[in-house]
Amino acid sequence: MLTKRIIPCLDIKNGRTVKGVNFLNLVDAGDPIELARKYAEDGADELVFLDISATQEERETIYDLVHKVAAEINIPFTVGGGIASADKVEKILKNGADKISVNSAAIYNPLLVREISSLFGAQCMVVAIDAKRIHDKWIVHTHGGKKATEIELFHWAQKMEELGAGEILFTSMDHDGTKSGFACEALSYMSDLLTIPIIASGGAGSEIDFLNVFNEGKADAGLAASIFHFNEIPIPELKSFLKENGVNVRL
Amino acid sequence: MIVIIDYDAGNICSVSNALNRLGVDFVLSDDKEVIKSAEKVIFPGVGHAFAAMEKLRAKKLVSTIQQLKQPVLGICVGMQLLCDYSHEGNTEGLGVVHTDVQKFDSSKDIKVPHMGWNRLRIDDDSSNLFNGVLTEDYVYFVHSYYVPLNQNSIASCAYSLEFSAAIKHENFYGIQFHAEKSGKVGERILNNFMNIDL
């Protein structure tokens, strides 16, 4: 039976790991390669690196980081942030990433998803979606959550699947950084709607939150950052807890 | 020398990194003579079966691979291409293993691709590929197409149905999972392949 995945996410800015609350107030959280190695040893099932660098110069550092991480880590990893062309995807994959994720770029150019998927395969095409509830509708946001669009989340997720996404990484901005649990209702609805796997992100604060996101939210993977970086929830303990409570995880 | 076939359709970098971590000497090559003279050959593949097969044809490597006598390890799409035919893009394969590669049926309440860590069931370990690996150990899969169980299956995995996690025909081995991304279990399997003596 396929296991549920636990995925630490490393937000990268200028080569360092950072983490903020509600997309703001960035705090330094350590050397990404050191963290990546520790997570792989601790039993993380995958890693996600999100480059949140603001400038082009800072963004160029990602290739070198991908290269170093790939040399050391024996589990799959995804790289996202600022990816807007198939050329960049190729460069990241050639440096050793297994998957890439696109977010804002897919909104400006949805056919990019089809292009990447057909060139490199759906297995490496993750579409990241940041959304927030506005007047009872889940609205997709771009630019790290700064700009609202007029696009509705579930419609968008379906469209991404049709265009060749291999996986959806859904972050609830309402839950991100709050440690009050994942957006289980929206996740469950999305899971029933799509046939591709869904990574849940935003809101992880306790072991129970992960149990809920797999049971109620029907997510295929749970992603979190700060609770892992600051060792609030060690991954081996989290996985043992999930196993004891009937969730199939890799121990 | 170990040769990784470099035909622009592989996860060359991941495989190279894994071999580096194991301390194995290898070269990347699309040169027939280099491939033929290898001690062992790794045939990686990600992406689309049709596109991968087209690239093999463009590099005129089809008959070279078919005629190899040393141990060959096809990984993921590399394994699928060892078969007769793939429904992914409806392409002929290399025809080493006589079966068709099928697509998972997403209407059967499963997510497709089959993506993540799943359990191996080792059905035949006479080849030593799974030395030190246990049935129930987890390995990492990412694929939408699968090789059905057949007389060449040596390990299986369950995902709505049972399919071939590994196949073997004479000197040809295939693994559907990404050993190079499967943690310590994967490293063990790659290392076992390096030590296979036909």
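Helices (H or I, at least four residues) and strands (E, at least two) are DSSP runs, numbered from the N terminus. With that in hand, welcome to a two-chain tour: chain A has ten helices and twelve strands, while chain B comes to six helices and 14 strands. This is a predicted model, where local features need pLDDT of at least 70, side-chain atom pairs count only at pLDDT 80 or more, and totals for chains, interfaces and linings use all residues. Residues are numbered from 1 along each chain as its sequence is written, chains are lettered from A in the order in which they are written, and side-chain values use heavy atoms, with hydrogens and water left out.

**Chain A as a whole**

- Taken along the principal axes, the C-alpha atoms of chain A fill a box of roughly 45 × 40 × 40 Å.
- Buried residues are 61% of the 251 in chain A; buried means under 20% relative accessible area, exposed over 50%, and partly exposed in between, with a 1.4 Å probe and protein chains only.
- Of the contacts in chain A between residues at least 6 apart in sequence, 66% join residues at least 24 apart, where contact means heavy atoms within 4.5 Å.
- Chain A has an accessible surface of about 9,900 Å², and 50% of this belongs to carbon and sulfur atoms. (Accessible areas come from the Shrake-Rupley method with a 1.4 Å probe; for residues, only the protein chains shown count as cover.)
- The 25 positive and 36 negative side chains of chain A have centres that lie 2 Å apart. Lys and Arg count as positive and Asp and Glu as negative, with His and the chain ends not counted; each charge is placed at NZ of Lys, CZ of Arg, CG of Asp or CD of Glu.

**Chain B as a whole**

- Chain B has six helices and 14 strands. Its radius of gyration is 15 Å, close to the 16 Å that the globule rule gives for 198 residues, so chain B is as compact as a globular protein of that length.
- The C-alpha trace of chain B spans about 45 × 35 × 30 Å along its principal axes.
- In chain B, 60% of the 198 residues are buried.
- Contacts in chain B with a separation of 6 or more are 69% between residues 24 or more positions apart.
- Chain B carries 18 positive and 24 negative charges, whose mean positions are 3 Å apart.

**Where the chains meet**

- The contact takes 38 residues from chain A and 28 residues from chain B.
- Between them, chain A and chain B bury about 2,400 Å², 53% of it on carbon and sulfur atoms. (Buried area is the accessible area, with a 1.4 Å probe, that two parts lose on being put together, summed over both.)
- Leu2(A), Asn74(A) and Gln123(A) supply 27% of the area that chain A buries against chain B, more than any other three residues.

**Backbone points to check by eye**

- His135(A) is not a glycine, yet has a positive phi of about 50°. His135(A) sits in the loop between strand 7 (125-134) and strand 8 (137-142) of chain A, and is exposed at a relative accessible area of 77%.
- Asn90(B) also has a positive phi, near 45°, in a residue other than glycine. The loop between strand 5 (83-86) and strand 6 (91-92) of chain B holds Asn90(B), which is partly exposed at 48%.
- A cis peptide bond runs from Val112(B) to Pro113(B), with omega near 10°; Pro113(B) is in the loop between strand 7 and strand 8 (114-119) of chain B.

**Two buried threonines in chain B**

- Thr91(B) lies in strand 6 and counts as buried, at 2% relative accessibility. Beyond its neighbours within four places in sequence, Thr91(B) is in contact with residues including Phe50(B), Met53(B), Arg57(B) and Tyr85(B).
- Thr99(B) belongs to strand 7 (residues 97-103) and is buried at 12% relative accessibility. With neighbours within four places in sequence left aside, its contacts include Cys83(B), Tyr85(B), Val147(B) and Pro148(B).
- From C-alpha to C-alpha, Thr99(B) and Asn152(B) are 9.4 Å apart in space, and they are 53 residues apart in sequence.

Terms used
The radius of gyration is taken over C-alpha atoms; the globule rule is 2.2 Å times the number of residues to the power 0.38.
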